[in-house]
Amino acid sequence: MITMDGKPVERGDVTFFPADGPATETVYAYISQGNYTLKCTGGEKNVLIAGMATEEKIIPERYMNQSGLTANVSAENTVIDFELTAKPSRRSK
């Protein structure tokens with residue numbers, strides 16, 4: 001599930017790519033009402049998310065480029081959720 005400010009992201013794309021490997025292992029999935037499904041190799045992944053949080057609200061650009069989001073993918077992972085926020089945290093600059 002991908003949410004922004006507690007609500008499911010209506011539509012968009014999520015991208016997983018190796019944190020320290022070749023970009024050829026990049027995997028994309030479509031987001032619909034907060035849900036996405038993808039299969040990828042295990043390991044630490046960087047994650048980018050783009051799309052519409054609601055009909056009038058676009059996911060902030062920081063999640064589309066150098067988002068800082070990561071996921072540790074393993075055989076045991078069946079669910080990896082992301083909780084996005086419209087406002088950057090105080091630590092983000």
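Visitor: How many aromatic pairs does the structure hold?
Guide: This predicted model holds 2 aromatic pairs.

Visitor: Why is the pair of phenylalanine 16 and tyrosine 36 called tilted?
Guide: Their ring centres are 6.2 Å apart, and rings pair if the centres lie within 6.5 Å. The planes stand at 45°; under 30 degrees would count as stacked and over 60 as edge-to-face, so the pair is tilted. Phenylalanine 16 sits in strand β3 and tyrosine 36 in the loop between β4 and β5, so this pair ties together parts that are 20 residues apart in sequence.

Visitor: What makes the pair of phenylalanine 16 and phenylalanine 82 edge-to-face?
Guide: Here the centres are again 6.2 Å apart, but the planes are at 80°. Ring pairs link Phe16, Tyr36 and Phe82 into a cluster.

Visitor: Which residues have the most contacts inside the largest nonpolar core?
Guide: They are Ile2, Val14, Phe16, Tyr36, Ile49, Phe82 and Leu84, in a core of 19 residues. Among the elements that give two or more residues to this core are β1 (2–4), β3 (11–18) and β8 (82–84). Isoleucine 2, leaving aside its neighbours within four places in sequence, is in contact with residues including Val14, Gly34, Tyr36, Phe82 and Leu84.

Visitor: How do you know that glycine 34 is buried?
Guide: Buried means under 20% relative accessible area. Glycine 34 has 0%, so it is buried. Glycine 34 is placed in the loop between β4 and β5. Leaving aside neighbours within four places in sequence, glycine 34 is in contact with Met1, Ile2, Pro8 and Val9. Glycine 34 and glutamate 10 are 24 residues apart in sequence, yet 6.0 Å apart in space, C-alpha to C-alpha.

Visitor: Why is the contact of lysine 57 with aspartate 5 called a salt bridge?
Guide: The closest N and O atoms are 3.4 Å apart, and the limit is within 4 Å, so the pair counts as a salt bridge. This bridge links lysine 57 in strand β6 (residues 57–58) with aspartate 5 in the loop between β1 and β2 (7–8), 52 residues apart.

Visitor: What makes lysine 57 and aspartate 5 partly exposed?
Guide: Partly exposed falls between under 20% for buried and over 50% for exposed. Lysine 57 has a relative accessible area of 36% and aspartate 5 has 40%, so both are partly exposed.

Visitor: What makes arginine 11 and glutamate 10 a salt bridge?
Guide: Their side chains meet at 3.8 Å, N to O, which is within the 4 Å limit. Arginine 11 is partly exposed at 37%, and glutamate 10 is partly exposed at 22%.

Key. Residues are numbered from 1 along each chain as its sequence is written. This is a predicted model: local features need pLDDT of at least 70, side-chain atom pairs count only at pLDDT 80 or more; totals for chains, interfaces and linings use all residues. Side-chain values use heavy atoms; hydrogens and water are left out. A nonpolar core is a set of buried Ala, Val, Leu, Ile, Met, Phe, Trp, Tyr and Cys residues joined through side-chain atoms within 4.5 Å. Buried means under 20% relative accessible area, exposed over 50%, partly exposed in between (1.4 Å probe, protein chains only). Helices (H or I, at least four residues) and strands (E, at least two) are DSSP runs, numbered from the N terminus. Contact means heavy atoms within 4.5 Å. Rings of Phe, Tyr and Trp (its six-membered ring) pair if their centres lie within 6.5 Å; planes under 30 degrees apart count as stacked, over 60 as edge-to-face and the rest as tilted.
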